[in-house]
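I opened my notebook to jot down what I looked up, one entry at a time. Here is the structure I was working from.

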Amino acid sequence: MENQMPKDEGIDHSIALLKEGYHFILNRSEKLSSNVFETRLLGRKAICMIGEEAAQIFYDPQKFQRKDAAPNRVVQTLFGKNAVQTLDDEEHQNRKKMLMSVMTEEHLNHLLELTEMQWEQSIVKWSKMKSIVFYEEVKELLCNVAFKWIGYPIHENDVKKMTKELASMFETAAAIGPNHWAGRTYRNQAEKMIQQLIQDTRDGKIKFPQNTVLHQFAFYKDTKGNLLDIETVAVEVINMLRPIVAISIYINFSLLALHEFPEEKEKLQSFNDYSKLFVQEVRRFYPFFPFVVAKVKSDFVWNSYEFKKGTLTLLDLYGTNHDPVKWEDPHKFNPERFAHWPGSPFGFIPQGGGDYYLGHRCAGEQITLDVMKVSLDYLVNRMEFTLPEQDLSFEIDDIPSIPKSKIILEHIVRSR
Ligand code: HEM
Ligand code: MYR
């Protein structure tokens, strides 16, 4: 027996989704007392889901596909055309293999060395300044790291421009109006620049060492043994660069957490391994990637509800990480909850769920954790600073959400 899925009444809720941000699905799920409900988005019927059990279904490749699922505005800014995020089955697995091939210990160690070097240089620069806007500075710091990591020695003069282009891809995916359109232009510019790099690599005009991301991607072959087209390689190189810059959001929230919960600093200084718990809690507690989207691949029934082929479906990442059934006191910042956490591929999903190789789980989750940990060590143990009076509040309806002042720091000095 099939039941009628609980329904969020109304003609269309696309604008409400952009306006309510991280609470859109959570609010309605609570109102309708259901972890799955029907709504209307982009002029058509859509399903929203929340929680560990829903995530498990969402990541079943027999039930959901990514092809034609993401709204064009997201493809034109955040993902790029023909990106891994939009592929399914064998094509997805082959592309994902390319991306995961640079997530080795050697590549990760290199990235961490670059991150430390960049923090050292930045602190020297910051200590000569009266004040800094932390969010803007950390984006540039990470842009430097990202380019050096893929093997391209970015010139100092290009850092601001490239930071703007890469950051706008995640800052404008959910923006409305001119900001969003500027994001599209910035993506086009960045793609052109990277396409030229790949072309020059293939033509032998630039010789990147074989173990660099740029070399590996430029010469990677698809399932039929052909090189990928230049446009696609550029999109995937950007899929490495952009999200490294995006870690700035989590580093900002780490600093905010240290400020809002001062007892955490002492714990970080006193207990080994506490930073592991802290970065997990930052990723759980604060909002970043709101939800992921897919389309029903073929008709199926789940929990007595009918899922019809082609229906757009959203899985709430933020809401799943705040599900009161799985997380005690979900709106309390409490890193210790992770001390005895058994782990779950579907219950804690700030960067998606399931399997890295077979599914769409974030290829850069380990990078994110490592970069956050090194950066936290700088914030807690290797530098001192003060926060002047400012507005540190952030809105749960902004996607992404950034503290209003973007965090102003003063009196920065290198300690120890
Ligand atoms: C996918 C979040 C950092 C590369 C994803 C997904 C999420 C996510 C939610 C989609 C999962 C899905 O579709 O089911 C984040 C957040 C980050 C971050 C919040 C923090 C800044 C990174 C980093 C990299 C990266 C540092 C690489 C250097 C990717 C790629 C995909 C992806 C390539 C597509 C995977 C696929 O479709 O198979 N990320 N990510 N991300 N992420 Fe991340
Ligand atoms: C990345 O750059 O891939 C990592 C972080 C991106 C966060 C993006 C936040 C905006 C998402 C808009 C809606 C996405 C719907 C699929």
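This is a predicted model: local features need pLDDT of at least 70, side-chain atom pairs count only at pLDDT 80 or more; totals for chains, interfaces and linings use all residues.

**Entry: α11 against α13.** I looked up how these two helices sit, and they are roughly perpendicular to each other, because their axes cross at roughly 110° and angles of 65 to 115 degrees count as roughly perpendicular, under 35 as roughly parallel, over 145 as roughly antiparallel and the rest as oblique. The axes of α11 and α13 come within 10 Å. Axes here are lines fitted to C-alpha atoms, for helices over the stretch in contact, with angles from 0 to 180 degrees between N-to-C directions. Helices are DSSP runs of H or I with at least four residues, strands are E runs of at least two, and both are numbered from the N terminus. From α11 the contact (heavy atoms within 4.5 Å) takes Tyr250, Phe253, Ser254, Ala257 and Leu258, and from α13 it takes Phe278, Val282 and Arg283. I sorted these residues into six nonpolar, one polar and one charged. For that sorting, Ala, Val, Leu, Ile, Met, Phe, Trp, Tyr, Cys and Pro are nonpolar, Asp, Glu, Lys and Arg are charged, and the others, Gly among them, are polar.

Residues are numbered from 1 along each chain as its sequence is written, chains are lettered from A and ligands numbered from 1 in the order written, and side-chain values use heavy atoms, with hydrogens and water left out.

**Entry: α12 against α13.** What angle do α12 and α13 pack at? I found about 140° for α12 (residues 263–270) and α13 (residues 274–285), with the axes 8 Å apart. That makes this pair oblique. Glu264, Lys267 and Leu268 of α12 meet Tyr274, Ser275 and Phe278 of α13.

**Entry: the cores.** A nonpolar core is a set of buried Ala, Val, Leu, Ile, Met, Phe, Trp, Tyr and Cys residues joined through side-chain atoms within 4.5 Å. Buried means under 20% relative accessible area, exposed over 50%, and partly exposed in between, using a 1.4 Å probe and protein chains only. The largest core has 118 residues, and Trp119, Phe134 and Trp149 have the most contacts inside it. Helix α11 (residues 230–260) gives it the most, 20 residues. I also found a second, separate core of 21 residues, including Val36 and Leu317. Going back to Trp119, I saw that its partners include Trp126, Phe134 and Met383, leaving out residues up to four places away in sequence.

**Entry: the iron.** Which protein residue is the donor to the iron atom of ligand 1? Cys362 is the single one, through SG at 2.3 Å. Donors are N, O and S atoms within 2.8 Å of the metal (3.2 Å for Na, K and Ca), and sites may look incomplete because water is not among the atoms. Cys362 sits in the loop between α14 (317–320) and α15 (365–382).

**Entry: α4.** In α4 (residues 72–79), I noted Val74, Val75, Thr77, Leu78 and Phe79 as buried. Their cover includes α8 (159–171), α9 (178–202) and α11.

Entry: Ile399 and Pro400 are joined by a cis peptide bond, with omega about -10°. His411, in strand β10, has a positive phi near 50°. At 56% relative accessibility, His411 is exposed.
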